[in-house]
Amino acid sequence: MAAMALGHHHLSFAAAPSSGRPARDSSLLGGNFASLHRILSKSHARVLHYSVSCAAAVKEKEALDIQQWNDEAYEARLQHLESQAKSVLQKTIECFERPAFPCALIAGDVVMLDLLHKIGAFEKEAVKVIFIDTFHLFPETYTFLKSLEDKYGFKARVFHAADFNTKEEYLAKHGSDLYIRDIDEYDKICKVEPFNRALSSLQVDAMINGRRRDHGAERAHLEVAQAGKMVNVQPLAYWEFRDCWSYLKKNSVPYHPLHDKGYPSIGDVQSTLPVPKEKWFEYGGERSGRFQGLSNKDGSLKTECGIHSQK
Ligand SMILES: Nc1ncnc2c1ncn2[C@@H]1O[C@H](COP(=O)(O)OS(=O)(=O)O)[C@@H](OP(=O)(O)O)[C@H]1O
């Protein structure tokens, strides 16, 4: 127990004993989520219990449970984030004729699908879900998409490289290593062109996306709406990665199975790596396993595929 005097206030504090509760299962929303939560809150919650007395104004010493105080504040934060995101989505449906949501099925994207479902956006397809099949995705991604379609009652609009009906046709022409031989050409054929075709053929007038301020410095000042070639709507702009996980847990929303195998973000097989869990919730940590080992033509490290520069 340590103590210090602050003017008229006397403050004492002690480190709380750890709960000692072991992780029981390997899923993120089970035991591992609990351990992630512990990692996240380590820096904030070393001191859990304060007893505060104010000699001048308080006759009785009052015990204040700091952990409970923070938990209540965090719960209020989550409620606010959810109601704000829902109202942004609601307004998008009311103000635009053809909004669409390009969805990569990562954690934040599933939060968005759940929110869209809650506001009824899949009824009459008020919001279209765009899915780019790059022909290089993990098999789990296709299975997960199907399960979400069934759960939420939407049918994704799927686009892939032009001129090929199947992955085999694409491979017969370009082989399996185009991304090594010419990464720009690969991005153009498998991602950027199909993406642009999706936007133009669906005549999208508002792009709902999962960008957040905590993705990294380039997104540090995002707002919920941004004017451009089309309006970008970013309902999760003020969320953090941990808020997405809290939402998924609280609402029992299924998440991409590869998160449990160590991947915080998921894209193509060749450009996605697992990341140690303690790094997931650092600033920019979610995307730290993406584009590993890939360079742009000018030699700089690759951080994006070029899809979102089109938005
Ligand atoms: N398969 C698929 N289908 C539809 N939309 C997708 C897909 N993969 C990625 N995206 C969206 O494209 C944006 C860029 O994603 P990434 O930088 O992660 O690159 S990559 O496309 O996965 O290589 C990014 O959106 P923003 O974050 O808004 O820029 C992704 O959500």
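1. S265 sits in the loop between α8 and α9 (277-280). Helices (H or I, at least four residues) and strands (E, at least two) are DSSP runs, numbered from the N terminus. S265 is buried, at a relative accessible area of 2%; the cut-offs are under 20% for buried, over 50% for exposed and partly exposed in between (1.4 Å probe, protein chains only). Leaving out residues up to four places away in sequence, S265 touches I106, H259, T272, E286, R287 and R290, where contact means heavy atoms within 4.5 Å.

2. A word on the basis: this is a predicted model, where local features need pLDDT of at least 70 and side-chain atom pairs count only at pLDDT 80 or more, while totals for chains, interfaces and linings use all residues. Residues are numbered from 1 along each chain as its sequence is written, and side-chain values use heavy atoms, with hydrogens and water left out.

3. Now the overall picture. The protein has nine helices and 10 strands. Of its 311 residues, 45% are buried. Taking contacts between residues at least 6 apart in sequence, 67% join residues at least 24 apart.

4. On to the sheet. Six strands make an open sheet with mixed pairing, in the order β7-β6-β5-β8-β10-β9. The edges are held by β7 (157-160) and β9 (225-226), each with a single partner strand, so one side of each has no neighbour in the sheet. Two strands count as paired if DSSP finds at least two bridges between them. As background, strands of a sheet pair through backbone hydrogen bonds, either parallel or antiparallel.

5. β5 (residues 99-102) pairs with β6 (residues 128-133) in the parallel sense over three bridges. In that pairing F101 stands opposite V129, and the bridge partner of A100 is K128. β5 also pairs in the parallel sense with β8 (residues 206-208), over two bridges, and here P99 stands opposite A206. Which way do the β5 side chains point? P99 and F101 point one way and A100 and P102 the other, and all are buried.

6. D109 lies in helix α3 (residues 107-118) and, at 7% relative accessibility, counts as buried. Setting aside residues up to four places away in sequence, D109 touches F101, C103, A104 and G210. D109 and N209 are 100 residues apart along the chain, with their C-alpha atoms separated by 8.0 Å.

7. Then the cavities. There are two cavities of 30 Å³ or more. A cavity is a set of points, on a 1 Å grid over the protein atoms alone, where a 1.4 Å probe fits but cannot get out; lining residues have an atom within 4 Å of a point. Grid points are joined across faces, edges and corners, and a volume is the space filled by probe spheres set on the points. The second largest cavity holds about 40 Å³ of space, and its lining is L78, E82, W239, S246, Y247, K250 and N251. Both α2 (66-95) and α8 (241-250) supply at least two residues of that lining, with α8 giving the most, three residues.

8. Two backbone spots to check by eye. K124 is not a glycine, yet has a positive phi of about 55°. K124 is in the loop between α3 and β6 and is exposed, with a relative accessible area of 85%. D163, also a residue other than glycine, has a positive phi near 75°. D163 is in the loop between β7 and α5 (167-174) and counts as exposed at 76% relative accessibility.

9. Last, A220. This residue lies in the loop between β8 and β9. Neighbours within four places in sequence aside, A220 is in contact with R213 and Y283.

Terms used. On a 1 Å grid over the protein atoms alone, a cavity is a set of points where a 1.4 Å probe fits but cannot get out, and a pocket is an open set with protein on both sides within 12 Å along at least five of seven lines; lining residues have an atom within 4 Å of a point.
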